[in-house]
Amino acid sequence: MRLSLTRSFERRGMAVKTCADGAQALGQWQAVRPDVVVLDLSLPHLDGLEVLAQARASGLRTPVLILTARGTVGDRILGLNVGADDYLPKPFDLDELMARVQALGRRAGAEAGAPLSQEFCGMRPDAENGAVYYQGLVLEMAPRETAMLRALLARPGHAVAKERLFSLVFQGDPEVQLEAIEVVAYRLRKRIAHTGAQLVTLRGLGYLLRAQA
């Protein structure tokens, strides 16, 4: 199910990081700081509710959707009391899951004071379908290029760390080295050359988007 959901999210232009057990999930949550967490309760080594409780205790405010076979009212109340924002029991409808995750992401952005749609040099990421538009038309790019561009469009003019971009683009693939993000950056730079935006490499810091002089 984890692999199937990853593919479904990625087809919608979302960058996904998956974890096989609770301890790994908590560590990655603290390191990556995702926009939304989809959390299964039945995890090995550390139960999902304990993951959520420790995350909230450490100050992590990421919106959380609990996804589990434990569908009783008592279980739902317990999860919400621990700090979950939403609850979807198995079996579930994939479209409903996607809609709920996107709603949590939009709400989190609004609460943080961030714009839901950051436009820069005519480019605009779409919160609904994950695509990036330029002057009203979808920019045709590979999923990894799209993921990198969306991350950069969230803070145009500001550096985004290479490690942060790597985690969003490659979802922690153990067979991919950090330097692979440079290949994605090279391709993305060519993709957006006609938009008036420039992808700048900042050695030791990461990458940023700025308007061409």
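Visitor: Is H45 buried or exposed?
Guide: This is a predicted model. H45 sits in the loop between β1 (37–40) and α3 (48–57). Exposed means over 50% relative accessible area. H45 has 73% relative accessibility, so it counts as exposed.

Visitor: How far apart in space are H45 and D21?
Guide: In sequence, H45 and D21 are 24 residues apart. From C-alpha to C-alpha, the separation in space is 6.3 Å.

Visitor: How does R124 count by relative accessibility?
Guide: R124 belongs to strand β4 (residues 123–125). Partly exposed covers values between the buried limit of 20% and the exposed limit of 50%. R124 has 28% relative accessibility, so it counts as partly exposed.

Visitor: What separates the C-alpha atoms of R124 and A154?
Guide: Along the chain, R124 and A154 are 30 residues apart. Their C-alpha atoms are separated by 9.8 Å.

Visitor: What share of contacts between residues at least 6 apart in sequence joins residues at least 24 apart?
Guide: The chain has eight helices and eight strands. Of its 213 residues, 42% count as buried. Among contacts between residues at least 6 apart in sequence, the share joining residues at least 24 apart is 51%.

Visitor: Which element gives the largest share of the largest nonpolar core?
Guide: That core has 28 residues, and M123, M148, L149 and L152 have the most contacts inside it. Elements giving two or more residues are β5 (132–134), α6 (143–153), α7, α8, β7 (197–202) and β8 (206–211). The largest share is six residues, and it comes from α6.

Visitor: Why do α6 and α8 count as roughly perpendicular?
Guide: Their axes lie 9 Å apart. Angles of 65 to 115 degrees count as roughly perpendicular. α6 is therefore roughly perpendicular to α8, given a packing angle of about 80 degrees.

Visitor: How many charged residues are in the contact of α6 with α8?
Guide: From α6 come R144, E145, M148, L149 and L152. From α8 come I181, V184, A185, R187, L188 and R191. Seven of the contact residues are nonpolar and none is polar. The charged ones number four.

Visitor: At roughly what angle do the axes of α7 and α8 cross?
Guide: Helix α7 spans residues 162–170 and helix α8 spans residues 180–191. Their axes come within 10 Å. The two helices are roughly perpendicular to each other. The crossing angle is roughly 80 degrees.

Visitor: Into which classes do the residues of the contact of α7 with α8 divide?
Guide: K162, L165, F166, V169 and F170 of α7 take part. On the α8 side are A180, I181, E182 and V184. The division is seven nonpolar, no polar and two charged.

Visitor: Are the rings of F166 and F170 stacked, edge-to-face or tilted?
Guide: The structure holds one aromatic pair. F166 and F170 are both buried and lie in helix α7, four residues apart, about one turn. Their ring centres are 5.2 Å apart. The planes are at 35 degrees, so the pair is tilted.

Notes:
Residues are numbered from 1 along each chain as its sequence is written. This is a predicted model: local features need pLDDT of at least 70, side-chain atom pairs count only at pLDDT 80 or more; totals for chains, interfaces and linings use all residues. Side-chain values use heavy atoms; hydrogens and water are left out. Axes are lines fitted to C-alpha atoms, for helices over the stretch in contact, and angles run from 0 to 180 degrees between N-to-C directions. Angles under 35 degrees count as roughly parallel, over 145 as roughly antiparallel, 65 to 115 as roughly perpendicular and the rest as oblique. Contact means heavy atoms within 4.5 Å. Ala, Val, Leu, Ile, Met, Phe, Trp, Tyr, Cys and Pro count as nonpolar, Asp, Glu, Lys and Arg as charged, and the others, Gly among them, as polar. A nonpolar core is a set of buried Ala, Val, Leu, Ile, Met, Phe, Trp, Tyr and Cys residues joined through side-chain atoms within 4.5 Å. Buried means under 20% relative accessible area, exposed over 50%, partly exposed in between (1.4 Å probe, protein chains only). Rings of Phe, Tyr and Trp (its six-membered ring) pair if their centres lie within 6.5 Å; planes under 30 degrees apart count as stacked, over 60 as edge-to-face and the rest as tilted.
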